[in-house]
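Please examine the sequence and the model shown here.

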Amino acid sequence: LDANDAALQTVLASYLVGSTSPVYKELVLDKQSVQQLAGDPSMHRDPHLFSLMAVLNDEKALTPVRSSLNAAIKELVTGKVDAARVEAIKSNTRYELLMGMETAKSVGTQVAWFTGVYGAPDALAQHYRKVSEVKPGELVTFARRYLTAANRTVLTLTTAAQPGGSK
């Protein structure tokens, strides 16, 4: 696990499709074509996927939704990054974790998860320290390196047509 990339992907997921992102505003709030929009950095010891997921209200929105996601990535790749939003995401990520650790069980779950992934007893603190160190330009560098068409895998799941033509 590359601790810097793991922290960067945590910020990147929120930056691209989190509730403060332009694409979230467009697809979930304004057009209401998406029920759920999420990024998943999926931290693992071994190399893993960085994924974006959209649950659509209607399959007809598939092409426009995919275009919007691609446009958000392209904008980042071209170097356009909102540094203030990156700082706000980093702050929110850290405080959201703290607010979610209300019981001994929730603290233990977080500590155990991060210790398992990083292989170090101070992994939780290490990860969130790295999150606080993410620079806006690093999102651009990561996107240029990894979020390319050649690296992309697109999976589309749809419901099967039912007898009588309804889905």
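Leaving aside its neighbours within four places in sequence, which residues is Gln 126 in contact with? They are Ala 3, Tyr 118 and Ala 120, where contact means heavy atoms within 4.5 Å. Gln 126 lies in helix 6 (residues 123-133); helices are DSSP runs of H or I with at least four residues, numbered from the N terminus. Gln 126 has a relative accessible area of 18% and is therefore buried (under 20% relative accessible area, 1.4 Å probe, protein chains only).

The model is predicted: local features need pLDDT of at least 70, side-chain atom pairs count only at pLDDT 80 or more, and totals for chains, interfaces and linings use all residues. Residues are numbered from 1 along each chain as its sequence is written, and side-chain values use heavy atoms, with hydrogens and water left out.

| Helix pair | Axis angle | Axis distance |
|---|---|---|
| Helix 1 (residues 3-17) and helix 4 (residues 83-100) | roughly 115° | within 10 Å |
| Helix 2 (residues 22-30) and helix 3 (residues 62-77) | about 170° | 10 Å |

Axes are lines fitted to C-alpha atoms over the stretch in contact, and angles run from 0 to 180 degrees between N-to-C directions.

In the pair of helix 1 and helix 4, the contact involves Thr 10, Val 11, Ser 14 and Tyr 15 of helix 1, together with Arg 85, Val 86, Ile 89, Lys 90 and Thr 93 of helix 4.

Helix 2 and helix 3 are therefore roughly antiparallel (angles over 145 degrees). Val 23, Glu 26 and Leu 27 of helix 2 meet Val 65, Ser 68, Leu 69 and Ala 72 of helix 3 in this contact.

Technical notes: Helix = DSSP H or I, 4+ residues; strand = E, 2+ residues; numbered from the N terminus. Parallel < 35°, antiparallel > 145°, perpendicular 65-115°, else oblique. Buried < 20%, exposed > 50% of the residue type's maximum accessible area, 1.4 Å probe, protein only.
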